[in-house]
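Please look over the structure shown here, and then read the briefing that follows it.

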Amino acid sequence: MATYGIDLGTTYSCVARVDDTGHAEIIKNAVGDDTTPSVVYFETADSVIVGKDAKANAQLQPDNVVSLIKRQMGKDIEITVHGQRHTPESISALILRELARAAEEIGGEPVRDVVITVPAYFGVAEREATRKAGAIAGLNVLSIVDEPVAAALHYDAISAGGTKTLFVYDLGGGTFDTTVIQVSPAEIKVVCTDGDHQLGGANWDDRIVDFLLETFQQEHPEADGAATSEEFLQELAAAAEEMKKQLSSQQARRFNARYEGAVSKIELTREKFDEITADLLERTRKITERTIATAAEQGVTTFDEVLLVGGSSRMPAVEAMLKGMGFSPRKHDPDLAVAKGAAQYALIESIKVRLPDEDDGTTPGTAVEEIADQLNIPVEKVRALAGKRVATVVPRAFGIKVVDFDERNNEVFSIAHVLKANTSLPARTEPTRFATAYPDQVEIQVEVWEQSGSVESDDLADNAQIADGTISGLPRLPKGSPIDVTFEMELDGLLRVHAVELKTNKDLHIELQIKGGLSDEQVDEFRTAVARYSVSA
Ligand code: ADP
Ligand code: MG
C-alpha cells in the first residue's frame with residue numbers, strides 16, 4: 001500500500017504519493033485541481049463541503065464556513081456550527097477526510113499511512129494537534145514533518161545530490177516562512193527558521209479589493225451601500241485573488257464591478273499591483289535579511305540555492321526582489337513541492353518502521369531487500385532513504401519569568417530566555433544562574449514561558465506562559481541566593497526544565513505538559529462525530 005504526503009496548508013492543501021518509479025506525483029482533487037482550499041462549509045447538520053465551493057461561500061455564510069483553521073491549531077478553543085461542537089483538530093480532520101476521500105477515488109486505493117506537514121515554527125502543542133487531526137480523520141499518521149524540510153527533500157530528490165545549503169523562501173496564502181537548511185546524502189539539517197505568521201497572499205488580495213472598491217466608489221459615489229454589501233465584497237474578494245494570479249503571467253487584468261445597476265470597468269496593471277503591495281514585499285525582504293543574519297551567527301554564510309515555495313512566490317515581484325539581493329532563486333512547483341517532499345518522507349518513514357529497531361538500512365541481510373521488493377524500488381534506494389536523518393532546531397525561545405526593581409522599587413517582570421530559538425535538537429543548555437529576588441524567601445516560583453512572536457523579546461506580552469512549579473520548604477534565604485536553571489529539549493519537542501536552589505540542593509523538575517490538547521477519549525469521540533458527516537468537494 002502506498003504512503004501519502006499531505007500538505008495541510010493555511011489556505012490551500014495538497015496530496016502527493018511516490019509512484020512506482022520512485023517519483024513523487026500530485027493527486028488531483030475531486031474537481032481536478034492540484035490544490036484544495038482549506039475551507040470547510042457546514043452545509044447542513046450532517047453534510048460538509050470542503051474546498052472551492054466552500055470557499056465561494058465564505059463571505060456569504062460566515063457562520064457556517066470555517067477558514068484559516070491552521071492558525072488556531074494547538075489552541076484550546078471551541079467552534080460551534082449547526083449546534084455541533086468542534087475544535088481546530090476536528091475541523092482540520094474534515095479537510096483531511098476530504099483530501100483522503102478524493103485521493104482514494106482518483107488513486108484507486110485506500111489512503112491510510114500519511115505524513116502531514118507543519119510549519120517549522122510550530123511548537124509541541126500545534127504538532128500534537130495536527131497529529132490528532134489525522135487520527136480523527138481515521139488516518140495513520142506515520143510522522144509530522146516540517147514544511148521547509150519537505151521542500152528540501154523534494155529538491156534533493158530531483159537534483160543531482162551532494163551537500164548543499166538551501167534558503168527556503170515560503171510565501172503562502174496566510175503565512176511567510178524562511179528557513180536555512182543543509183542537505184546531504186545522510187542528513188537534512190535545519191540551521192535556522194524565521195517568518196511572519198500573519199503575512200501571506202491574502203494580504204495581497206486585500207490590497208486589490210481596496211483598490212477595486214476605491215476605484216468603484218470614485219466612479220459611483222451614489223452607490224454608497226457597496227462598501228458594506230456582503231455579496232459585493234465577496235465578489236471583489238474572489239475577483240481579487242483571480243486577478244492577482246493572472247497578473248503573475250500577464251501585464252494587466254480588467255474587472256467589471258457591478259452594484260445595483262452601477263458598473264465600473266476597472267483595469268489593474270502589474271505595475272500598479274506591484275506599487276500597491278510594495279510594502280508587503282518589503283516585509284519579506286526584511287525577514288529574509290534577518291534570517292540570513294541568524295544563519296551567519298551559526299557560521300552559514302553562503303547559499304547554493306534559494307528555493308521558492310508557496311503559491312504566492314509565483315508573483316514575479318518576489319523573484320525580482322530576490323535577484324536584486326544577489327540570489328538566483330529556483331522555482332519548482334512552488335505550491336506542490338511541500339506535498340511532494342512529504343510523500344518522499346512518508347516513504348522514508350514507512351521504510352524505517354518496517355526495518356528492525358537497530359537497523360538503519362546498513363545491516364546486511366534480508367530486511368532491506370524484502371522492503372525493496374514490497375515497495376518495488378531498488379535496494380540501494382531503500383538503503384539511502386533508510387539512512388537519511390532529519391535534524392531540526394528549537395522552533396522558538398524558551399525561558400523563565402524574572403523580576404527586577406525600578407528606581408521607585410516597583411516590580412518589573414520580564415522573560416529571560418535560556419533555551420534559544422534555532423538551537424539544534426536534541427538540546428541541553430548549560431545551567432544558567434539566577435538569584436532570589438526578595439529577602440527571606442522560603443519558596444521559589446518557577447514559571448516557564450515560550451516566545452510567541454518571531455522575534456525574541458523579553459517583554460511578557462511577546463511571550464506565553466506554558467508551565468510552572470514551585471521549590472518549597474526552603475529555610476529563609478537571603479535575597480540574591482543562587483538558583484541554576486537548565487533546559488532540555490528532545491527531538492520530538494518534549495521540553496524538560498530543571499531548577500535547583502544551590503544552598504539546599506532542593507530542586508524542581510518540570511516536564512512540559514501540552515496545555516489544552518485533546519485526550520485520547522476526545523480524539524475517539526471526534527473521530528466518531530466526524531465520520532458521521534457526509535464530506536464532499
Ligand atoms: P498555504 O499558505 O496554505 O500553504 P499555498 O502555498 O498553496 O498555500 O499558497 C496559496 C497562496 O498562493 C494563495 O494566496 C494564492 O492566491 C496564491 N497563489 C497561487 N497561485 C498563484 C499565482 N499564480 N500567482 C500569485 N499567487 C498565487
Ligand atoms: Mg504552505
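Ligand 1 is surrounded by 18 residues, and the closest are Thr 11, Gly 173, Glu 241, Lys 244 and Ser 248; a residue is near a molecule if one of its heavy atoms lies within 4 Å of it. This is a predicted model, in which local features need pLDDT of at least 70 and side-chain atom pairs count only at pLDDT 80 or more, while totals for chains, interfaces and linings use all residues. Residues are numbered from 1 along each chain as its sequence is written, chains are lettered from A and ligands numbered from 1 in the order in which they are written, and side-chain values use heavy atoms, with hydrogens and water left out.

**Around ligand 1**

- An oxygen atom of ligand 1 is 2.6 Å from a polar backbone atom of Thr 11, where a polar contact is a pair of N or O atoms within 3.5 Å.
- An oxygen atom of ligand 1 also lies 2.6 Å from an N or O atom in the side chain of Glu 241, and an oxygen atom of the ligand is 2.9 Å from a polar backbone atom of Gly 311.
- Of the 580 Å² of accessible area that ligand 1 has on its own, the protein covers 90%, with areas taken from the Shrake-Rupley method with a 1.4 Å probe.
- Helix α6 (residues 230–247) gives the largest share of the shell, three residues; helices (H or I, at least four residues) and strands (E, at least two) are DSSP runs, numbered from the N terminus.
- The shell divides into two nonpolar, 11 polar and five charged residues, with Ala, Val, Leu, Ile, Met, Phe, Trp, Tyr, Cys and Pro counted as nonpolar, Asp, Glu, Lys and Arg as charged, and the others, Gly among them, as polar.

**Domains**

- The domain assignment, which is automatic or from a database, gives domain 1 (4–160 + 327–391) and domain 2 (398–505), and the C-alpha centres of these domains lie 37 Å apart.

**The second largest pocket**

- The lining of the second largest pocket draws at least three residues from each of domain 1 and domain 2.
- Among its 47 lining residues, Tyr 121, Glu 126, Arg 396, Gln 451 and Ser 452 lie nearest the centre of the pocket.
- Strand β14 gives the most to this lining, with four residues, and the lining divides into 15 nonpolar, 17 polar and 15 charged residues.

**Backbone features**

- The peptide bond from Leu 425 to Pro 426 is cis, with omega near -10°, and Pro 426 is placed in the loop between β21 (411–419) and β22 (427–428).
- Asp 333, a residue other than glycine, has a positive phi near 40° and lies in the loop between β18 (330–331) and α10 (337–354).

Key. 1 Å grid on protein atoms, 1.4 Å probe; cavity = no way out; pocket = protein on both sides within 12 Å on 5 of 7 lines; lining within 4 Å. Polar contact = N/O pair within 3.5 Å; in protein donor to acceptor, adjacent residues only side chain to side chain.
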